[in-house]
Amino acid sequence: MKWAVLFLKKIILQFVILFDDLSKSIENAITNDVKGKKMKLCKILCTGTAVILAGALGGCSMKFGTKSEPNPDAVIAEPTNGGDDSMKIVYEDFKKEYDYALKGAGVEDDTDESIADSCKTQRNTIITYLINERIIMKKASEMGLSTLTEEEMNAVEEEYNSNIEEQIEAFGKDADYGTADSGTISDEERRERGNKEFDAYLADCGLTREDLLTWGVSSAITQKLRDEIGKNVDYSAAEEAFLGYEEQIKQVYNDDISQYQQSSFTSVWVPEGSRMIKHILLGFDEDTQDEITANRQKGDDEAADKLREEKAAELQDKVDEVQKKLDNGEDFQKIMLEYSNDSAASSVNPDGYLVIPNGTTYKKEFQEAAFVPKKIGDRTICVTDFGVHIMIYAADAKVSDEQKKSFTDYLYEQLKNTEFNKKMDEWNSEYDYKIDYKALRLDDPADSSSN
């Protein structure tokens, strides 16, 4: 199935509870890799997490139009308490969004039982963010935030134009030029074709480029409102949250070192005595490693250790050679690249590997040897099933002030998002939207018989 290129969807603000999810998911930009291109998403959703069909469905090809649809001007959602006509949502508004999602995922029949539930989730997501968008625009207007400054509008247009150019190029590149040699297609022809293909794609969804610009403006206004609500949060609350978070990480380390090591906690706190270790691995050949592993698996550790000792002895001349170069002050990075079988991984960790007291990440021999050197700069040697490691105590491991500040800033954004989420819940209750669930083929939560 041929996948079309996606242009703009939504940035989903995930309002996570502090300390429940320790990953940085404050503002998760959902992207779809379509034909090898990463496309930006620009509309903002203000509750929960959406199911993006392109990711959920993996690509399907069915016949579309098996269900009758409401008239385009049929009202499918409206506030029951206050509001005005501008807050009503008609089916055409919903259909644009839904068709866009379906087309991007290559779905032509959303009733196919293999994807029906995912499509239903997407429909629910769309009506939710359309309602939220109406509420946000209304509240932004009431608070004097619905008009963008010249600078803000310029920023929106700059991003919009950049995205448009990307799409023109992408569509032009992937267009079908028949038997023509791709090398004979001029840049002008590609651009002209890209414009036509892109507009045709949008038209299939009932969209225009103006709609896309409107999405960008909506996102900018939403951000302004979010920032305004966020002013109620004091930065000191984030600093206090950081301290609490730090204490929780310490507890995780004390209770379950493996869990601590498997998470990203080290960017926030590391136990006292942790070290940064650099090493040069003079590795055993693959056959030797396989034989050692086979002996371990058979439970014959004696044979494995004997073979390991023999092969390590054969590497002694090379060990001495490396040690001499290090003693003479030659550049460690240069020596590592020349000799180490672990040079690729070590290059990704230029400051060394973090080794914590009582850690379980590394081989026992490596873990224990890391704490043999008495002072920074000292070296030691250990042998593991991988080979001979020449290890250097490079530095004491610690979380820098910059890292702490960065994470505190992240927590501050989390707190502001939480404040905004609370306000959205309040506003949703205030307007109490009525939704035509039947028209949207959704289960009515008020109907206990819904399946």
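**The sheet and its setting**

Modeller: The protein has 15 helices and twelve strands; helices (H or I, at least four residues) and strands (E, at least two) are DSSP runs, numbered from the N terminus. This is a predicted model, in which local features need pLDDT of at least 70 and side-chain atom pairs count only at pLDDT 80 or more, while totals for chains, interfaces and linings use all residues. Residues are numbered from 1 along each chain as its sequence is written, and side-chain values use heavy atoms, with hydrogens and water left out.

The sheet is open and consists of three strands in the order S7-S6-S12, with antiparallel pairing. Strand S7 (89–90) and strand S12 (433–435) are the edge strands, each pairing on one side only. Two strands are said to pair if DSSP finds at least two bridges between them. Strand S6 (residues 75–79) is joined to S12 by three bridges, and the two run antiparallel. Within this pairing, Ala 77 lies opposite Ile 435 of S12. In general, strands of a sheet pair through backbone hydrogen bonds, either parallel or antiparallel.

As for the whole chain, 43% of the 451 residues count as buried, meaning under 20% relative accessible area with a 1.4 Å probe, protein chains only. Of the contacts (heavy atoms within 4.5 Å) with a separation of 6 or more, 72% are between residues 24 or more positions apart. The protein exposes about 23900 Å², of which carbon and sulfur atoms supply 45%; accessible areas come from the Shrake-Rupley method with a 1.4 Å probe.

Key
Buried means under 20% relative accessible area, exposed over 50%, partly exposed in between (1.4 Å probe, protein chains only).
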